[in-house]
Amino acid sequence: MRDAVDSLSLARTLVDYNEWANERILSTSDRVPDEAYHRPLTGAGHGSIFGQLRHVAHVQLGYLAAFEGRATDAAAGAAIAASGVDLESRAGVRDAFRRGHQGWRELAAGLTVGRWSEPQYQWPGKLPLGSTCSRCCCTPSTTAARWPRSSPTSATRPATSTSSS
């Protein structure tokens, strides 16, 4: 039982750390001018500083919905994460992080040793590893539509092979 208590304490610490780290990144990004904030960057998996922050906020809200049992698959998690949240503006993305941080704190505070000790695959809404969603901002089809091969981010994506060898 001691391991479960230590593990629960670690989970709560990780929630705190996640919020601390996100706030450091957000505080730094607040000082970036709009032009640079939205500029496509080579190597940025989601196109720009804005795209990367939007992706992280969206994913954190989706996982929160799953861990709370409000989403039973990746598509539902993505839909819940995007509902009522403005992921198209700088202020909206910041608000999405705020909502996520509040939700994760509430989830962590309500966890018990017994609940945390359960295999997590039995939790309602636990998404299978490797699940994807057609409505998420990061599927290959939406990524290709947003950043065509001629864009600066094309250097970060693997080339598709047309040979049949």
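Q: What is the handedness of the crossing of H3 and H5?
A: In this predicted model, the crossing of H3 and H5 is left-handed.

Q: Which angle and distance describe the packing of H3 and H5?
A: Two packed helices are described by the angle between their axes and the distance between those axes. For H3 and H5, the axes come within 9 Å and cross at roughly 30°. Angles under 35 degrees count as roughly parallel, and H3 and H5 are therefore roughly parallel to each other.

Q: Which residues make the contact of H3 with H5?
A: On the H3 side the contact is made by Phe50, Leu53, Arg54, Val56, Ala57, Gln60, Leu61, Tyr63, Leu64 and Phe67. H5 supplies Arg90, Val93, Ala96, Phe97, Arg99, Gly100, Gly103, Trp104 and Leu107.

Q: How do the residues of the contact of H3 with H5 divide into nonpolar, polar and charged?
A: The division is 13 nonpolar, three polar and three charged.

Q: Is Gly100 buried or exposed?
A: Gly100 is found in helix H5. Buried means under 20% relative accessible area; Gly100 has 3%, so Gly100 is buried. Leaving aside neighbours within four places in sequence, Gly100 is in contact with Leu61 and Leu64.

Q: Where is Gln60 found, and which residues does Gln60 touch?
A: Gln60 is found in helix H3. With 14% relative accessibility, Gln60 also counts as buried. Not counting residues up to four places away in sequence, Gln60 touches Asn18, Asn22, Phe97 and Trp104. Gln60 and His101 are 41 residues apart in sequence, and their C-alpha atoms are 8.8 Å apart in space.

Q: Which residues of the largest nonpolar core touch the most other members?
A: In soluble globular proteins, nonpolar side chains tend to be buried together. The largest nonpolar core here has 14 residues, of which Leu53, Ala57, Leu87, Val93, Ala96 and Phe97 touch the most other members. Helix H2 (34-38), H3 and helix H5 (90-110) are the elements that give two or more residues to this core. H3 provides the largest share, four residues.

Q: Which residues is Leu53 in contact with, leaving aside its neighbours within four places in sequence?
A: Leu53 is in contact with Ile25, Leu26, Ser29, Tyr37, Val93 and Phe97. A second, separate core has six residues, including Val15, Trp104, Leu107 and Ala108.

Q: At what angle do the axes of H3 and H4 cross?
A: The axes of helix H3 (residues 49-67) and helix H4 (residues 74-82) cross at roughly 115° and come within 8 Å. The crossing of H3 and H4 is right-handed. His58, Leu61, Gly62 and Ala65 of H3 make this contact with Gly77, Ala78, Ile80, Ala81 and Ala82 of H4. The residues of the contact divide into six nonpolar, three polar and no charged.

Q: How many helices and strands does the protein chain have?
A: The protein chain has seven helices and zero strands. From the N terminus on, the elements run α-α-α-α-α-α-α.

Q: What percentage of the residues in the protein chain is buried?
A: Buried residues make up 37% of the 165 residues. Among contacts between residues at least 6 apart in sequence, 67% join residues at least 24 apart.

Conventions:
Residues are numbered from 1 along each chain as its sequence is written. This is a predicted model: local features need pLDDT of at least 70, side-chain atom pairs count only at pLDDT 80 or more; totals for chains, interfaces and linings use all residues. Side-chain values use heavy atoms; hydrogens and water are left out. Axes are lines fitted to C-alpha atoms, for helices over the stretch in contact, and angles run from 0 to 180 degrees between N-to-C directions. A crossing is left-handed if the near helix is turned anticlockwise from the far one by less than a right angle, and right-handed if clockwise. Contact means heavy atoms within 4.5 Å. Ala, Val, Leu, Ile, Met, Phe, Trp, Tyr, Cys and Pro count as nonpolar, Asp, Glu, Lys and Arg as charged, and the others, Gly among them, as polar. A nonpolar core is a set of buried Ala, Val, Leu, Ile, Met, Phe, Trp, Tyr and Cys residues joined through side-chain atoms within 4.5 Å. Buried means under 20% relative accessible area, exposed over 50%, partly exposed in between (1.4 Å probe, protein chains only). Angles under 35 degrees count as roughly parallel, over 145 as roughly antiparallel, 65 to 115 as roughly perpendicular and the rest as oblique.
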